[in-house]
Amino acid sequence: TNASTTLEQQFHTTFQQMLEDPSDIEITMKYANLAIQLKDYEAAIPALERILLFNPDLPRIKQEVGVLYYRLEAFDMAKTYLEDAKNSANAPSDVITLANKYLEKMN
């Protein structure tokens, strides 16, 4: 379909931009979001993890990585990120709620 072709074109274009400027968090986020829309979780996870290398105090990103690992059935990694997200000092209540929801699914 045209929509998925356009999405894939954006994905590849954004990937090239990310390679040119790996420290640009906005481009990296855009790339990760496009990867998620394409259900390419293996591409999204390392992009989000790289954002956490530059700024480790982002509970929402940690929660997203945890959910992606959950979708890949990598439950140990999912638990690590989800626990970290919900235990962050600045974790918003929606992040805590969603992290708990996924953690309960794995128990």
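**Packing of α4 and α5**

Tutor: P59, K62, Q63, V65, G66, V67, Y69 and Y70 of α4 are in contact (heavy atoms within 4.5 Å) with F75, M77, A78, Y81, L82, D84 and A85 of α5. This is a predicted model, in which local features need pLDDT of at least 70, side-chain atom pairs count only at pLDDT 80 or more, and totals for chains, interfaces and linings use all residues. Residues are numbered from 1 along each chain as its sequence is written, and side-chain values use heavy atoms, without hydrogens and water.

Student: How many residues in the contact of α4 with α5 are nonpolar?

Tutor: Ala, Val, Leu, Ile, Met, Phe, Trp, Tyr, Cys and Pro count as nonpolar, Asp, Glu, Lys and Arg as charged, and the others, Gly among them, as polar. The contact of α4 with α5 holds 2 charged and 2 polar residues, and its nonpolar residues number 11.

Student: Is α4 roughly parallel or antiparallel to α5?

Tutor: Helix α4 (residues 59-71) and helix α5 (residues 75-86) have axes 7 Å apart and pack at an angle of about 160°. Therefore α4 is, relative to α5, roughly antiparallel (the term applies to angles over 145 degrees).

Student: How many of the 13 residues of α4 are buried?

Tutor: Buried means under 20% relative accessible area, with a 1.4 Å probe and protein chains only. The buried residues include I61 and L68, and the cover over them includes α2 (25-37), α3 (41-54), α5 and α6 (93-106). Helix α4 is mostly covered, and its buried residues number 10 of 13.

How values were computed
Axes fitted to C-alpha atoms, helices over the stretch in contact; angles between N-to-C directions. Helix = DSSP H or I, 4+ residues; strand = E, 2+ residues; numbered from the N terminus. Parallel < 35°, antiparallel > 145°, perpendicular 65-115°, else oblique. Buried < 20%, exposed > 50% of the residue type's maximum accessible area, 1.4 Å probe, protein only.
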